[in-house]
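Trainee: I have the structure open and would like to go through it with you. Can we take it piece by piece?

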Amino acid sequence: MGFRRRLLLVHLMAVVLIVTCAAAAGWWLLSQSVLGQLDAALLALGETEAGLLADGSPEAIHVHEPRPGTAPPSLVRLDRLVQIIDANGAVVARSNNLGAGTLPVSADLLKSLAHGQTVFDTLPHASEEPLRMVSVPVRLGEHRYAVLVAGSLDDADRTLDSAALLFGGLAVALLLALAAAGAILTGRLFGTVERIAAQARRISDASLGERLAHPGSDDEIGQLVQTLNSMLGRLQRAFELQRNFTANAAHEIRSPLSRLRTEIELSLRRPRTAEEHVATLQSCLEEVVGLTSMVEELLQLARLDAGQESRQPESVALDALTREAIARWEGSAAARGIQLILHAPQTVQARVGERAAMLVLNNLLDNAIKFSAPDSAVELRISAEAGGATLEVLDRGPGIASADQEQLFERFYRGRASRQGQTSGAGLGLAIVRSVLDGYGATITINNRNDGPGAACRLHFPGRQAARKG
Ligand SMILES: Nc1ncnc2c1ncn2[C@@H]1O[C@H](COP(=O)(O)OP(=O)(O)O)[C@@H](O)[C@H]1O
Ligand SMILES: [Mg+2]
């Protein structure tokens, strides 16, 4: 059964239950009130008669009836049957309208009267109409009597029958109205949901630019549509990045390959001297080295994307690791007259993988050295903070152009510094750095230095750090 049917069924069951209970309760309250009124009228007459009886003498016990044609009109006695009995249940006096009949007296009734209790009874078969009867005990000297007053239940029953019909009719009408309202509401709700589902089915990877039509309300459905639309936006961006990535990768590989081909074709066109061959081979080697490092970077990214790189953080001595990286890059820095300076006043532990940290350091040092002005200094600062460890790489290069800031970490993005200096690189380094750091909850920002020209790259590693003066 569909969710819509189930919801409707639950709604119907709830409506039936509530309406039935409400109608039954209403009818019960009304019947109590009608019966209560009858009981009160019977008791009033019974007590009046009992009072008169107690005031009279035991010899002249009789029912006080208005003499025909003389008393004022009395609605109190209308249709009321009155009977006086003694302690044994023997009839002592009766009202005229009882005719030859008597009001029934049970052993239980006599017992209750003997205890001085006033008793109410319903007698369904005592006469041609069902009767309600009250019995009031009276003490007259040594003797005990009781006044029994009965009235017809016919009027009350008829009132209650009409009320039952009215309540029943109202309940059915209410039931139909509520059921119809429920059906219309669920129909509307699920109609909207089905429309959204149909729209969502039409959206494929080729039409990720499409969005679901907003129902125009700020309710749960509106919020759902908004959430789905923003998810579509994210998917679209991810798809576009993926598409661009493949196109960029193909382009980046094709350019050096076509340069290689041209060089080789040119040198084969006519005989060359040994020196010319050496020069050609050297230039080809440079292209091959560039291609190899780019393919290695692409593989690195593919592994990071696939989650194959281990991301188990360990406690790594950041200062020692940085010293190791500096030693590795000292040669190429010195070739450009660049000095690598480390400020690490203490041993700083960072929660990161050792191989991952080395990969990040290599990429940042590569950038700092290749973008730095010749004969300048690259500074590395390491410090421990309450929230983790910080590593800064500061250079004296051209700094970051504001147009580049947004895209520095995109794959294959090369910025102003790269174009100005004609440096090597495929624009994958920072994308790799960011992807690696993301895996460890670490962050990176690159800005211009505020103490002169150059870029300041700031890394923050979270977590438990242990620092001691070194
Ligand atoms: N230290 C830096 N100084 C100036 N620009 C930088 C620096 N580091 C990175 N950039 C800019 O960010 C771009 C992307 O860097 P990266 O992803 O490492 O690519 P690549 O080094 O291959 O150019 C660079 O092309 C450059 O424009
Ligand atoms: Mg780089």
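Trainee: Is the crossing of α1 and α3 left-handed or right-handed?

Mentor: The crossing of α1 and α3 is right-handed. Keep in mind as we go that this is a predicted model.

Trainee: And at roughly what angle do the axes of those two helices cross?

Mentor: Helix α1 covers residues 3–55 and helix α3 covers residues 154–202, and their axes come within 9 Å and cross at roughly 160°. Angles over 145 degrees count as roughly antiparallel, and α1 and α3 are therefore roughly antiparallel to each other.

Trainee: Which classes of residue make up that contact?

Mentor: The contact of α1 with α3 has 25 nonpolar residues, together with 8 polar and 1 charged.

Trainee: OK, switching to α4 and α5: how do their axes cross?

Mentor: The axes of helix α4 (residues 220–269) and helix α5 (residues 274–305) come within 10 Å, crossing at roughly 165°, and this pair is therefore roughly antiparallel as well. The handedness here is left-handed, with α4 passing α5. On the α4 side the contact includes A249, E252, I253 and P256, and on the α5 side the residues include E276, H277, T280 and S283.

Trainee: How many charged residues are in that one?

Mentor: The contact of α4 with α5 has 5 charged residues, alongside 9 nonpolar and 5 polar.

Trainee: Now the ligand: which residues come nearest to ligand 1?

Mentor: There are 25 residues around ligand 1, and of these G415, S418, G425, G429 and L430 come nearest. By class, the shell is made up of 12 nonpolar, 9 polar and 4 charged residues.

Trainee: Which helix gives the most to that shell?

Mentor: That is α7, which contributes 4 residues to the shell around ligand 1. At least two residues of the shell come from each of α7 (354–371), α8 (416–421) and α9 (429–439).

Trainee: How do the axes of α7 and α9 cross, then?

Mentor: Their axes come within 10 Å and cross at roughly 150°, which makes α7 roughly antiparallel to α9, and the crossing is left-handed. The contact is made by A356, L359, V360, N363, L364, D366 and N367 of α7 together with G429, I432, V433, V436 and L437 of α9. By class, that contact has 8 nonpolar, 3 polar and 1 charged residues. G429 is also one of the residues that come nearest to ligand 1.

Trainee: Last topic, confidence: what is the mean pLDDT of the protein?

Mentor: The mean pLDDT is 89, with 98% of the residues reaching 70 or more.

Trainee: And where does pLDDT stay under 50?

Mentor: Over residues 465–470, and for this stretch the model has 16 contacts beyond four places in sequence. Among the elements of the protein, strand β13 (residues 467–469) has the lowest mean pLDDT, at 40, whereas strand β7 (residues 339–343) has the highest, at 96.

Definitions and conventions
Residues are numbered from 1 along each chain as its sequence is written. Chains are lettered from A and ligands numbered from 1 in the order in which they are written. This is a predicted model: local features need pLDDT of at least 70, side-chain atom pairs count only at pLDDT 80 or more; totals for chains, interfaces and linings use all residues. A residue is near a molecule or strand if its C-beta atom, placed from the backbone, lies within 6 Å of it. Ala, Val, Leu, Ile, Met, Phe, Trp, Tyr, Cys and Pro count as nonpolar, Asp, Glu, Lys and Arg as charged, and the others, Gly among them, as polar. Axes are lines fitted to C-alpha atoms, for helices over the stretch in contact, and angles run from 0 to 180 degrees between N-to-C directions. Angles under 35 degrees count as roughly parallel, over 145 as roughly antiparallel, 65 to 115 as roughly perpendicular and the rest as oblique. A crossing is left-handed if the near helix is turned anticlockwise from the far one by less than a right angle, and right-handed if clockwise. Two residues are in contact if their C-beta atoms, placed from the backbone, lie within 7 Å. pLDDT is the predictor's confidence in each residue, from 0 to 100.
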